Amino acid sequence: MLKKVVLVLGIVVVALVVAIVTRPDTFKVERSAVVSAPPAIAFSQVNDFHNWGAWSPWDKLDPGMKKTYEGAPMGTGAVYYWNGNDKVGEGRMTITDSKPGERVVIKLEFLKPWQTTNTTTFTFAPQGNASSTQVTWTMEGVNNFAAKAFQLFMNMDSMVGKDFEKGLAQLKSAAEVEEQKRAAAEAASKLAAETEAAAAAAAAAAEPPPAAP
């Protein structure tokens, strides 16, 4: 009886190992959203790590999370380090490529509770007359044995995809608020210039004609 149990367990273990090792060696999670703001505005929300607090889906999971900014202030070479509770863990992001209004590529390193390195890419595609932007958020990486085993029981695309969808919705709100501020400032500046020009024209018209010689 014991031999049969051991045999069955052995078969189960072998089948499980086979199921794990035959899973894909790589993964990709991707989500998109259309933002009612020009590419430059949406791009700025991602290109500067200091702006992530307004829209990152993980930022509010730990209000006491430690954040450190290093390297360049924004764009290529900018580094963001975080260390928080068990919901956010510990990790580091480094912008490795940045093309204004088009893309941001990030080296994403998880340090705790597990160690892995993935590549995150944001692309910004103008829509219509470029007053709107399609923002696409992609994460790609390699599946090691542990990751393959994890994905037997958890759907990574669904799990991470939900966070991406939430983050993109919040990025949309943040970018659209910035665009409203920019449009309001531009309108105010234009009105001020028109008012100044009108005042100058009125002053010129009110001046008495030069006296006859």
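Me: What makes Gln-180 part of helix H4?
Reply: Gln-180 falls within residues 156–206, the span of H4. Helices here are DSSP runs of H or I with at least four residues, strands are E runs of at least two, and both are numbered from the N terminus. The model is predicted: local features need pLDDT of at least 70, side-chain atom pairs count only at pLDDT 80 or more, and totals for chains, interfaces and linings use all residues. Residues are numbered from 1 along each chain as its sequence is written, and side-chain values use heavy atoms, leaving out hydrogens and water.

Me: Why does Gln-180 count as exposed?
Reply: Its relative accessibility is 56%. Exposed means over 50% relative accessible area, buried under 20%, and partly exposed in between, with a 1.4 Å probe and protein chains only. So Gln-180 counts as exposed. The C-alpha atoms of Gln-180 and Ala-37 are 8.6 Å apart, though 143 residues separate them along the chain.

Me: Why is strand E3 called largely enclosed by the rest of the structure?
Reply: E3 covers residues 78–83 and has six residues, five of them buried. Hence the description as largely enclosed.

Me: How do you know that E3 pairs with E2 and E4?
Reply: Two strands pair if DSSP finds at least two bridges between them. E2 (residues 66–71) and E3 share six bridges, antiparallel. E3 and E4 (residues 90–99) share five, also antiparallel. Lys-66 stands opposite Asn-83 in E3, and Trp-82 opposite Gly-91 in E4. In the E2–E3 hairpin, with six residues between the strands, Gly-75 has a positive phi near 70 degrees.

Me: Why is the pair of Trp-55 and Phe-122 called edge-to-face?
Reply: Rings of Phe, Tyr and Trp (its six-membered ring) pair if their centres lie within 6.5 Å; planes under 30 degrees apart count as stacked, over 60 as edge-to-face and the rest as tilted. The whole structure holds 14 aromatic pairs. In this one the centres are 6.0 Å apart and the planes at 80 degrees, so it is edge-to-face. Trp-55 sits in the loop between H2 and E2, Phe-122 in strand E6, 67 residues apart.

Me: What makes the pair of Trp-55 and Trp-137 edge-to-face?
Reply: The centres lie 5.8 Å apart and the planes meet at 85 degrees, so the edge-to-face label applies. Trp-137 is in strand E7, so the pair ties together parts 82 residues apart in sequence.
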